[in-house]
Amino acid sequence: MSIDETLKEAVDKGRLQRLELEFPSDAHKRTILLHPKLLSDINDADVKFVSRFERLRADLEMFVKGQIISMSVTPYGHKTAYMGLLDPMSDGIWEIRSRDPSPALRVFGKFPCKDVFVGLNWEPRSVGWGDKKALGDGMSLEFQFAMIEANKLWDQSLPGTKPITSGNIYDCVSEKVFLV
């Protein structure tokens, strides 16, 4: 089965859902597919979290609209990057970094093919939020649990599918991307 057929099946069976743009007139240049729980958290946020999740959605939509994004393939050295490859690189887990407003949030996911990001789970970065503890640094238990959860959700959503694990950003995104 081709990767396109695999992704279509995952969407058809409800294992993944497409992030639709808030304004449908905006052009789709790339695709984000989200685990249903992640999309539900974004769309059905508790009233006290709505504005923060709206900002997270806007940050995710930057990818879908094909806006210029920065990526880092150096674990622990993402600095100001929009996306960063996490350690171990062989897992192919990236984080989309939504920094403003506080708390900063991270969406963990993988690339099944070029220009398609599968978002699996989200976590608050440096301060706890709601019932979630802060990730802390890449060595913390919370960070390691988030990585394990991302791998588990990937295997459930796209069983038998290998993510892109290359350190070349152009294997993941075709254009309007720069390395930091």
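Trainee: Which residues of helix 4 are buried?

Mentor: This is a predicted model, in which local features need pLDDT of at least 70 and side-chain atom pairs count only at pLDDT 80 or more, while totals for chains, interfaces and linings use all residues. Residues are numbered from 1 along each chain as its sequence is written, and side-chain values use heavy atoms, with hydrogens and water left out. Taking buried as under 20% relative accessible area and exposed as over 50%, with partly exposed in between (1.4 Å probe, protein chains only), the buried residues of helix 4 are Phe 143, Ala 146, Met 147, Ala 150, Asn 151, Leu 153, Trp 154 and Ser 157.

Trainee: What do the buried residues of helix 4 pack against?

Mentor: Helices (H or I, at least four residues) and strands (E, at least two) are DSSP runs, numbered from the N terminus. With contact meaning heavy atoms within 4.5 Å, the partners are helix 1 (3-12), strand 5 (94-98), strand 6 (105-113) and strand 7 (116-124).

Trainee: How many disulfides does the count come to?

Mentor: A disulfide is a pair of cysteine sulfur atoms within 2.5 Å. The sulfur of Cys 113 is 10 Å from the closest cysteine sulfur, in Cys 172, which is too far for a bond. The count therefore comes to zero.
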